[in-house]
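Here is a briefing for a reader who is new to this structure. Please look at the sequence and the model first, and then read the notes that follow.

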Protein chains: 2
Amino acid sequence: MMFSKKCEYALKAAIYLYIKSIDGKKLGIKELAKEIESPEPFTAKILQELVRAKIISSNKGPNGGFYIDPKAKPVLVIDLIDLIDGKDSFDRCGLGLKECSESHPCPIHKEFKSYSSRLKKLLTTKTLKEFAESVELGDAFINN
Amino acid sequence: MMFSKKCEYALKAAIYLYIKSIDGKKLGIKELAKEIESPEPFTAKILQELVRAKIISSNKGPNGGFYIDPKAKPVLVIDLIDLIDGKDSFDRCGLGLKECSESHPCPIHKEFKSYSSRLKKLLTTKTLKEFAESVELGDAFINN
DNA sequence: GGACATTAAGACCTTTTTGTCTTTATTTAT
DNA sequence: ATAAATAAAGACAAAAAGGTCTTAATGTCC
């Protein structure tokens, strides 16, 4: 509802990849998709985008696969979301008004705004690494 | 993002209708759609649904149109949303997990939950009448 | 260098959402 | 009764989101 399916898969995939990458492992698309319970070919397309955007890396050939270099520049979660869904998904009015602001609010502006700005702020500070770590510690989950 | 377009139009239409209905006016689909800046035939379909669900009323023929009887049982905003988008749109996990709860949270569960439950609560108490009144007073807007 | 494993790319398909058009039914006024 | 105004209904169309498949490119290992 808030994020597109594509974005959900992208987030889960990236987080899972990060976890595995800590051990220096590379992941095939098959294993990855199974693990995060996402449709395989669709996930492959998404991973390609992430590679092109340099959010993750990949190697072809035997022993190839997808991975994230933990020593690379940390990726903010918001950047991944921005890439897939666009950053303005946070700024949309609940009723679809073009201009919806403090001085020209829709009936639910206040609630919407306070939420989305809070969430945006959180995602602007959090890195993939941090999400991955909390999942590894068992504090959070990316599957059922 | 949160609500579908359909739901956005439905909300705006109902609020606008309510305002006009206070003066005992009925509104043709043409005028209504223009006023809330929504595609006319699509809006017509939505209004039909609202009529069937008895959230609004209509009369055919000359001097007919759509209206809301202000003396009828007040309509909770959440009921309109439930009709169009389904109530569970509030309960969806941000990452699409089937089970996402306090004890099995996704990485953004806390933020998501606190928001959506707050919004749901608000919409469960507010009536169309209240929204309409705040729009009439100029405290809120449903168009640009 | 050949076989094989793997990602990359792009064309394609399906479903859902959004939106349109045409015809029919109903009501009112004359 | 008839004409005009209006909503109701349903078939249709377009666009976006979601998803699949096939082929190409690339790398590894022997």
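## A residue and its neighbours

Leaving aside residues up to four places away in sequence, Thr127(B) touches Pro74(B), Val75(B), Leu76(B) and Val77(B), where contact means heavy atoms within 4.5 Å. This is a predicted model, in which local features need pLDDT of at least 70 and side-chain atom pairs count only at pLDDT 80 or more, whereas totals for chains, interfaces and linings use all residues. Residues are numbered from 1 along each chain as its sequence is written, chains are lettered from A and ligands numbered from 1 in the order in which they are written, and side-chain values use heavy atoms, with hydrogens and water left out.

- Thr127(B) is found in the loop between α5 (109-125) and α6 (128-136) of chain B; helices (H or I, at least four residues) and strands (E, at least two) are DSSP runs, numbered from the N terminus.
- With a relative accessible area of 12%, Thr127(B) is buried, a word that means under 20% relative accessible area, while exposed means over 50% and partly exposed means in between (1.4 Å probe, protein chains only).
- Pro74(A) lies in the loop between β2 and α4 (77-85) of chain A, and Pro74(A) is exposed, with a relative accessible area of 56%.
- The C-alpha atoms of Pro74(A) and Ser116(A), which are 42 residues apart along the chain, are separated by 23 Å.

**The two protein copies**

- Chain A can be laid on chain B with an RMSD of 0.0 Å by a turn of 180 degrees and a shift of 0.0 Å along the axis. The two copies are thus related as by a two-fold rotation axis. The superposition is by least squares on the C-alpha atoms of residues with pLDDT of at least 70 in both copies.
- Of the interface residues of chain A, 100% are also interface residues in chain B, so the copies meet through the same surface.

**Around DNA strand C**

- DNA strand C is surrounded by 26 residues, of which the closest are Gly28(A), Lys45(A), Arg52(A), Ser58(A) and Pro62(B); a residue is near a molecule or strand if one of its heavy atoms lies within 4 Å of it. Of the atoms of DNA strand C that come within 4 Å of the protein, sugar and phosphate account for 64%.
- At least two residues of the surface near DNA strand C are supplied by each of α3 (40-52), β1 (57-59) and β2 (65-67) of chain A, and by each of α1 (5-22) and α3 (40-52) of chain B. The largest share, four residues, comes from α3(A).

**Around DNA strand D**

- Among the 26 residues around DNA strand D, those that come nearest are Pro39(A), Pro62(A), Asn63(A), Lys45(B) and Ser58(B). Sugar and phosphate account for 61% of the atoms of DNA strand D that come within 4 Å of the protein.
- An N or O atom in the side chain of Asn63(A) is 2.9 Å from a phosphate oxygen of DNA strand D, and an N or O atom in the side chain of Arg52(B) is 3.0 Å from a phosphate oxygen of DNA strand D.
- Asn63(A) lies in the loop between β1 and β2 of chain A, counts as exposed at 72% relative accessibility, and has a positive phi, near 65 degrees, although Asn63(A) is a residue other than glycine.
- The most residues on the surface near DNA strand D, four, come from α3(B).

- The 18 residues of α1(B) reach 26 Å from the first C-alpha to the last, close to the 26 Å expected at 1.5 Å a residue, where the expected span is 1.5 Å times one less than the number of residues.
- Of the 18 residues of α1(B), 14 are buried, so this helix is largely enclosed by the rest of the structure.
- Glu37(B), in the loop between α2 (29-36) and α3 of chain B, has a positive phi of about 55 degrees although Glu37(B) is not a glycine, and counts as partly exposed at 46% relative accessibility.

Definitions and conventions. Polar contact = N/O pair within 3.5 Å; in protein donor to acceptor, adjacent residues only side chain to side chain.
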